[in-house]
Amino acid sequence: MQNHCINSNSPYTFNGFDHDGVESVNIDNMEITSSDGVLYIKSQTERNINIVFPNGITVSQHINAGNNIISNLATGVYIIEGKKIVL
């Protein structure tokens, strides 16, 4: 199964499905990529981000400046800071 980031300006605009490997999305000084149930978040600043899980639950996640890993995630569509990420 391929993992992709969806970078959309509307719910119906999707990018990244014609490529193999991991795509990335940049959001407000963060780069987010996904692969095999893992989110990789590189941030220029320490901050809290909102992650909406596939079941609709929103969680505030603290991330540090630099590289962050969020693992053991179920397959699905996650919304991070208003952008859709597909695992």
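**A salt bridge and a buried serine**

Me: Does aspartate 28 count as buried or exposed?
Reply: Its relative accessibility is 55%. Buried means under 20% relative accessible area, exposed over 50% and partly exposed in between, with a 1.4 Å probe and protein chains only. At 55%, aspartate 28 therefore counts as exposed.

Me: Good to know! What kind of model is this?
Reply: Residues are numbered from 1 along each chain as its sequence is written, and side-chain values use heavy atoms, without hydrogens and water. Local features need pLDDT of at least 70, side-chain atom pairs count only at pLDDT 80 or more, and totals for chains, interfaces and linings use all residues, since this is a predicted model.

Me: Which residue forms a salt bridge with aspartate 28?
Reply: A salt bridge is a side-chain nitrogen of Lys or Arg within 4 Å of a carboxyl oxygen of Asp or Glu. The closest N and O atoms here are 3.1 Å apart. The partner counts as buried at 15% relative accessibility, and it is arginine 47.

Me: How many residues apart in sequence are the parts that this pair ties together?
Reply: Strands (E, at least two residues) and helices (H or I, at least four) are DSSP runs, numbered from the N terminus. Aspartate 28 lies in the loop between strands E2 and E3, and arginine 47 in strand E5, so the parts tied together are apart in sequence by 19 residues.

Me: Which residue's backbone oxygen does the side chain of serine 43 reach?
Reply: Serine 43 sits in strand E4 and is buried at 5% relative accessibility. At 2.6 Å, its side chain reaches the backbone oxygen of threonine 45.

Conventions: Polar contact = N/O pair within 3.5 Å; in protein donor to acceptor, adjacent residues only side chain to side chain.
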